[in-house]
Amino acid sequence: MQNAHAKLERHSIGFALAILFVASLGGLVEIAPLFTIENTIEEVEGMRPYTPLELAGRDIYVREGCYACHSQMIRTLRSDVERYGHFSLASESMYDRPFQWGSKRTGPDLARVGQKYSDAWHVAHLQDPGALVPGSVMPSYAFLSQTRLDPGYLESALRALRFAGDPYGAEQVRDAPRHAAWQADPEAEYEDELRALYGETVQLRDFDGQPDRLTEMDALVSYLQMLGTLVDFDALDPAEIAR
């Protein structure tokens, strides 16, 4: 066997073909099963696509590089679970492109930060992190409170995500800018309509403390307040988690 291998090594073309064959065989074994299933991520009850306002907030989160210091992936380690809560499920990132798992934690993991603090806390923390967390190296994002959100791009954003497979309907795509404004306006009285489109977990209120204007702070806080709130882990079947 050793002599045969040595002989093969002396014939570069034959050796290259052998490598190609072995690599192709391994790839076939790994890839072929994927064609027999509809989705590689099992859905769990409660998951839904982002609302337009949450999506805008996520875009701001990515734009400002928040992922560089905050992961959104709670490991199954005891230390992680005791500090942050239930370990993350793949299905919780099924509508993320790209996902925000991360591996570096200059700041805490944010996978379960939703509704852990008040909106006012998030606004104050984003405006002056050191005032609430002494020693924090996080920069100030006070400008978000003064920057009006331009929801005009959201129709195109939802259309692109729909093309990629996210379950947005035609009405959701068409009215995305309007829905973003409604979610941050407690006086809009469109609560039933938004929840009919996006589910009962949609949070509707003024997020930044400025009810007369729609800001980037509204969007980012709405996104943060949603993180980790969609799946009811107490009611989730353990067998569903194990899949």
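**Reading the terms against the values**

Author: Q115 is exposed, because its relative accessible area is 52% and exposed means over 50%, with buried under 20% and partly exposed in between (1.4 Å probe, protein chains only). This is a predicted model, in which local features need pLDDT of at least 70, side-chain atom pairs count only at pLDDT 80 or more, and totals for chains, interfaces and linings use all residues. Residues are numbered from 1 along each chain as its sequence is written, and side-chain values use heavy atoms, with hydrogens and water left out.

Reader: What is the phi of Q115, and where is Q115 found?

Author: The phi of Q115 is near 65°, a positive value in a residue other than glycine, and Q115 is found in the loop between α4 and α5. Most residues other than glycine have a negative phi.

Reader: Why does V22 count as exposed?

Author: V22 has 56% relative accessibility, and therefore counts as exposed.

Reader: Which residues form a nonpolar patch on the surface with V22?

Author: F21, L25 and V29 form the patch with V22, and together the four have about 430 Å² of accessible area (Shrake-Rupley method, 1.4 Å probe, only the protein chains shown counting as cover for residues). Patches are made of residues with over 30% relative accessible area and no salt bridge, like charges being joined within 9 Å and nonpolar side chains (Val, Leu, Ile, Met, Phe, Trp, Tyr) within 5 Å; a salt bridge is a side-chain nitrogen of Lys or Arg within 4 Å of a carboxyl oxygen of Asp or Glu.

Reader: What kind of peptide bond joins R97 and P98?

Author: The bond between R97 and P98 is cis, with omega about 0°.

Note on methods. Helices (H or I, at least four residues) and strands (E, at least two) are DSSP runs, numbered from the N terminus.
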